[in-house]
Amino acid sequence: MKKLYTESAQFDNQLTELLHRDQPSENGVDELVAEVVATVRHRGDAALYIYTKKFDGFDAEARGLEVPQFRLHQALDAIPSKQRESLEYAVARVRAYHEHQQQESWQIAESDGTILGQKVTPMQRVGLYVPGGKATYPSSVIMNAVPAKVAGVKELIMVSPTPNGEFNDMVLAAAVLSGVDRVFRVGGAQAIAALAYGTETIPAVDKITGPGNIYVATAKKQVFGKVGIDMIAGPSEVLVIADDSVDPDWVAMDLFAQAEHDEIAQSILLTMDDVVAERVQQSINRLLPTMERADIIQQSLKNNGALIIADSRDALVSVADQIAAEHLEIFTQDAEQLAQDISHAGAIFIGPYSAESLGDYCAGPNHVLPTAGTARFSSPLGVYDFQKRTSIIQVSQAGAQSIGQHASVLARGESLTAHARSAEYRLQSEGD
């Protein structure tokens with residue numbers, strides 16, 4: 001792993017270069033996705049049959065796009081009891097956490113009888129994309145579906161590819177336990193297009209959430225505006241702040257936990273002690289050969305990993321805020337205070353027992369987090385992402401006099417005389 005020092009004159013450039021990670025791209029992705037989206041929009045199910053057979057080797061026209069309800073419950077019964085118990089545990093904790101995020105409608109009454117307020121309502125129908133194939137992401141189902149249901153979403157539609165028609169029972173079981181209403185076996189850009197525009201079989205939704213590959217992410221970008229989307233997530237990342245109070249093996253393993261996602265994941269250690277950095281590097285060297293995904297981890301750490309040594313506490317806080325990490329682990333003696341001082345992070349894990357991997361599955365908070373520095377202005381996925389707010393304005397006759405006068409002046413200042421006269425019609429003359 002690279003070693004960087006904040007006191008170095010080159011540090012700012014080095015940090016900028018470290019954080020600049022372009023996701024691998026393929027030529028023609030935008031054009032191909034645009035073609036798929038347009039075809040699904042105009043041909044509906046017929047296009048889905050073609051693409052599903054082409055990309056997944058599955059004859060959806062003959063076997064149907066929708067997964068029958070009995071098959072979903074069959075999957076729930078088929079998984080091992082320990083898996084079901086852990087899924088139920090995760091669902092319960094994630095639901096309990098997100099129930100605290102509920103927003104309430106409110107109104108205020110002014111002295112003249114005017115009423116102002118905000119009405120909070122859930123979205124009617126939301127689409128959830130879940131990767132398929134070799135990937136198994138029941139946690140993704142839970143993290144997207146549970147807050148949607150807590151928010152009051154009436155219908156939750158899940159799409160997921162099933163290469164060669166094969167299901168993943170754990171994913172289907174998670175869908176049942178999380179409250180997913182309907183499941184369709186279609187993936188890729190074609191699934192995003194189907195959710196955005198609707199087909200004969202798949203209903204159009206108000207918003208699409210969930211992770212996917214470059215084709216899915218590109219399709220989400222292209223349909224945004226027709227529907228809402230959660231975010232365009234970048235490669236996974238973790239920043240670990242540590243001192244000599246934590247076991248360096250624990251730090252190394254937490255760095256591995258992010259690095260094993262893929263070669264473009266990022267794992268960074270930030271410390272004020274060069275000895276701590278050296279001990280963590282030694283742990284990395286010793287433990288890496290024992291990892292099942294050692295090749296991926298090694299490549300990730302080589303390309304994107306770093307050991308950063310800060311020359312002061314202020315520098316440490318500044319670097320953490322510049323990185324604005326998706327996951328921030330703080331394993332120091334003053335961890336709680338540091339957590340208060342750092343402003344930008346998707347999720348903060350405080351204390352040596354707060355492994356980021358616990359947050360990925362069942363701690364409770366959502367694991368869908370802003371990446372690539374967007375934690376400076378973005379938040380984790382939550383109940384609020386599945387609700388919308390409507391302003392309430394009920395002006396009384398008395399209120400129309402004072403508000404109307406000022407509105408008239410402002411409207412005429414903008415040369416919008418119809419606006420002004422609309423307000424003026426409601427003004428009473430002094431003799432009235």
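Which strands and helices cover the buried residues of H11? The legends below answer this and other questions. The model is predicted: local features need pLDDT of at least 70, side-chain atom pairs count only at pLDDT 80 or more, and totals for chains, interfaces and linings use all residues. Residues are numbered from 1 along each chain as its sequence is written, and side-chain values use heavy atoms, with hydrogens and water left out.

**View 1. Helix H11 and its cover.** H11 spans residues 248–259 and has 12 residues. From first C-alpha to last it reaches 16 Å, close to the 16 Å expected at 1.5 Å a residue; the expected span is 1.5 Å times one less than the number of residues. Helices (H or I, at least four residues) and strands (E, at least two) are DSSP runs, numbered from the N terminus. Val251, Ala252, Asp254, Leu255, Phe256, Gln258 and Ala259 are the buried residues of H11. Buried means under 20% relative accessible area, exposed over 50%, and partly exposed in between (1.4 Å probe, protein chains only). The cover includes strands S9 (237–242), S10 (266–271) and S12 (327–331), with helices H12 (274–287), H13 (294–304) and H16 (356–361). Asp247 caps the N-terminal end: a side-chain oxygen lies 2.8 Å from the backbone nitrogen of Asp249.

View 2. Asn213 caps the N-terminal end of H10, with a side-chain oxygen 3.0 Å from the backbone nitrogen of Tyr215. Within H10 (residues 214–223), Val216, Ala217, Thr218, Ala219, Lys220 and Val223 are buried. These buried residues pack against helices H2 (29–43) and H9 (188–197), and against strands S4 (125–129), S7 (207–209) and S8 (228–229).

**View 3. Thr199 in its loop.** Thr199 lies between H9 and S7. Thr199 counts as buried because its relative accessibility is 16%. Leaving aside residues up to four places away in sequence, Thr199 touches Val40, Gly44, Asp45, Leu48 and Ala194. Contact means heavy atoms within 4.5 Å.

**View 4. Salt bridges across the chain.** The structure holds 14 salt bridges. Each is a side-chain nitrogen of Lys or Arg within 4 Å of a carboxyl oxygen of Asp or Glu. Arg71 and Asp169 meet at 3.0 Å, N to O. This pair links distant parts of the chain: Arg71 sits in helix H5 (residues 69–78) and Asp169 in helix H8 (residues 169–178), 98 residues apart. Arg71 is buried at 16%, whereas Asp169 is partly exposed at 25%. Glu155 pairs with Arg125, the closest N and O atoms being 2.8 Å apart. That bridge also links distant parts of the chain, from Glu155 in strand S5 (residues 155–159) to Arg125 in S4, 30 residues apart. Arg125 is partly exposed, at 26% relative accessibility.

**View 5. Further salt bridges.** The side chains of Asp77 and Arg84 meet at 3.6 Å, N to O. Asp77 is exposed, with a relative accessible area of 61%; Arg84 is partly exposed, at 28%. A network of salt bridges links Lys3, Asp274 and Glu278.

**View 6. A nonpolar surface patch.** Ile393, Val395 and Ile403 make a patch of about 280 Å². Patches are made of residues with over 30% relative accessible area and no salt bridge; like charges are joined within 9 Å, and nonpolar side chains (Val, Leu, Ile, Met, Phe, Trp, Tyr) within 5 Å. Accessible areas come from the Shrake-Rupley method with a 1.4 Å probe; for residues, only the protein chains shown count as cover. Val395 lies in the loop between strand S14 (387–394) and helix H17 (397–413). Its relative accessibility is 40%, so Val395 counts as partly exposed.

Terms used: A polar contact is a pair of N or O atoms within 3.5 Å; within protein, one must be able to donate a hydrogen and the other to accept it, and residues adjacent in sequence count only if both atoms are side-chain atoms.
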